[in-house]
Amino acid sequence: VKQIRAHVEAHMAEPFRLDRLAEIACLSRYHFCRSFKMATGMTPLEFVTEMRVERCRQLILSGNDGLAEIAVACGFASQSHMTT
């Protein structure tokens with residue numbers, strides 16, 4: 001989970017790739033999803049989304065960027081996607 005967290009933090013603005021996360025964990029997609037859910041209580045997509053939302057919160061609180069820039073920096077397709 002630490003390696004996955006580090007990878008997501010380093011590549012926050014990039015599209016979510018389940019294959020890449022499974023590769024980092026040295027597991028097949030199926031076993032990675034199953035093991036990750038057991039270890040964290042959430043799916044990999046839920047985990048990545050939660051990390052992105054938290055980063056958005058931090059950037060919004062810093063008050064330096066607009067919402068559209070924050071959304072793109074955190075890997076959301078648009079400001080409306082982020083706010084949803």
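Is aspartate 19 buried, partly exposed or exposed? Aspartate 19 counts as partly exposed, at 40% relative accessibility. Buried here means under 20% relative accessible area, exposed over 50%, and partly exposed in between, with a 1.4 Å probe and protein chains only.

A word on the source. This is a predicted model, where local features need pLDDT of at least 70, side-chain atom pairs count only at pLDDT 80 or more, and totals for chains, interfaces and linings use all residues. Residues are numbered from 1 along each chain as its sequence is written, and side-chain values use heavy atoms, with hydrogens and water left out.

Now the salt bridges. There are three. The term means a side-chain nitrogen of Lys or Arg within 4 Å of a carboxyl oxygen of Asp or Glu.

Aspartate 19 pairs with arginine 29, closest N and O atoms 3.2 Å apart. Arginine 29 is in helix α3 (residues 29–40) and aspartate 19 in helix α2 (residues 18–24), so this bridge ties together parts 10 residues apart in sequence. Helices are DSSP runs of H or I, at least four residues, numbered from the N terminus.

Next, glutamate 23 and arginine 20, at 2.7 Å. Both sit in helix α2, three residues apart, about one helical turn. Glutamate 23 is exposed, at 52%.

Last, arginine 57 and glutamate 54, at 2.8 Å, N to O. They share helix α4 (residues 44–62).

On to cysteines. The structure has zero disulfides, a disulfide being two cysteine sulfur atoms within 2.5 Å. Cysteine 33 has its closest cysteine sulfur, in cysteine 26, 15 Å away, too far for a bond.

Methods. Helix = DSSP H or I, 4+ residues; strand = E, 2+ residues; numbered from the N terminus.
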